[in-house]
Amino acid sequence: RERTVPDGGYTAIVEVCGFNEWLLDLLDEMGCHRIILVQPEDSDSRKTDRRDAAKLSEQLWMNRFRIAEGKRVQGMRQVVLPDREDVNLRKLTQRRCKRKRQRGRILVQIKTLLRNYNLQHECPTKGLDTKTAFAWLRKLDSLSVEDRLELDQLMEDYELVNQQLEKIDALLETHGQRHENKLTV
């Protein structure tokens with residue numbers, strides 16, 4: 001960092017991956033004045049980090065003048081770095097998607113348990129994700145003790161995931177209102 005201060009810092013080239021946030025923050029702290037996030041246009045089927053690093057460093061060196069001038073480099077797709085708020089919103093959205101999938105898997109497990117007893121047709125509603133269906137599930141008495149325990153735990157899991165989704169949705173709503181206020185100002 002000290003050696004690059006007279007030149008205004010240094011440029012780093014980093015390949016896109018799902019866990020490089022800490023590295024990008026560290027590079028910024030260490031005096032990197034420009035971070036180029038790239039996504040290779042051609043991907044090798046035998047991918048190794050060593051080979052990728054060598055290829056990226058070669059591209060950086062060979063195209064150092066074009067990069068310094070802000071010009072496009074052939075064979076390298078540059079990705080715009082999202083700001084911190086966008087990163088957090090993406091994480092929140094991914095968490096919401098995961099919880100929704102988790103909720104769906106729980107419903108499938110409940111349906112499977114009901115099919116084992118051929119009870120799926122006795123449900124008072126078409127779907128299981130209603131208050132009426134859950135009230136019916138709580139009253140079911142034709143299950144074995146072990147299956148009753150499993151059903152109760154699945155219903156608790158379902159309710160917990162719903163509570164988590166409500167919190168996530170409320171936070172997304174807050175972010176949406178803040179974003180809407182920024183647009184109107």
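Is D49 buried or exposed? D49 is exposed, at 67% relative accessible area. Some notes on this and other spots follow.

1. **What we are looking at.** This is a predicted model, in which local features need pLDDT of at least 70, side-chain atom pairs count only at pLDDT 80 or more, and totals for chains, interfaces and linings use all residues. Numbering runs from 1 along each chain as its sequence is written, and side-chain values use heavy atoms, with hydrogens and water left out.

2. **D49, and how to read the labels.** Buried here means under 20% relative accessible area, exposed means over 50%, and partly exposed is in between (1.4 Å probe, protein chains only). D49 gets the label exposed because its value is 67%. D49 lies in helix α2, residues 49-62. Helices (H or I, at least four residues) and strands (E, at least two) are DSSP runs numbered from the N terminus.

3. **L37 in strand β2.** L37 belongs to strand β2, residues 32-40. L37 counts as buried because its relative accessible area is 7%. What does L37 touch, leaving aside neighbours within four places in sequence? The contacts are V14, E15, V16, N20, R77, Q78, V79 and L81. Contact means heavy atoms within 4.5 Å. Have a look at L24 as well: its C-alpha atom is 9.3 Å from that of L37, and the two are 13 residues apart along the chain.

4. **H175, another buried side.** H175 is in helix α6, residues 145-184. With a relative accessible area of 15%, H175 is buried. Not counting residues up to four places away in sequence, H175 touches E85, L89 and L92.

5. The structure holds five salt bridges, each being a side-chain nitrogen of Lys or Arg within 4 Å of a carboxyl oxygen of Asp or Glu. One of them pairs E159 with R138, and the closest N and O atoms are 2.3 Å apart. E159 lies in helix α6 and R138 in helix α5, so this pair ties together parts that are 21 residues apart in sequence. E159 is partly exposed at 32%, and R138 is partly exposed too, at 46%.

6. D152 and R148 form a salt bridge, with 2.7 Å between the closest N and O atoms. Both lie in helix α6, four residues apart, which is about one turn of the helix. D152 is partly exposed at 29%, whereas R148 is buried at 16%. D152 and L137 are 15 residues apart in sequence, and their C-alpha atoms are 8.7 Å apart.

7. **The E69 and K71 pair.** E69 forms a salt bridge with K71, where the closest N and O atoms are 3.0 Å apart. E69 counts as exposed because its relative accessibility is 53%, while K71 is partly exposed at 40%.

8. **A nonpolar patch.** W22, L26 and M30 make a nonpolar surface patch of about 330 Å². Patches are made of residues with over 30% relative accessible area and no salt bridge; like charges are joined within 9 Å, and nonpolar side chains (Val, Leu, Ile, Met, Phe, Trp, Tyr) within 5 Å. The accessible areas come from the Shrake-Rupley method with a 1.4 Å probe, and for residues only the protein chains shown count as cover. L26 lies in helix α1, residues 21-29. L26 is partly exposed, with a relative accessible area of 38%.

9. **A positive patch.** Which residues form the positive surface patch? They are R95, K98, R101 and R105. Lys and Arg count as positive and Asp and Glu as negative, while His and the chain ends are not counted. The place of a charge is taken as NZ of Lys, CZ of Arg, CG of Asp or CD of Glu. R95 is in helix α4, residues 84-116, and counts as partly exposed at 40% relative accessibility.

10. **A backbone angle to check.** N118 has a phi near 55°, a positive value in a residue other than glycine. Most residues other than glycine have a negative phi. N118 is in the loop between α4 and α5 (131-139).
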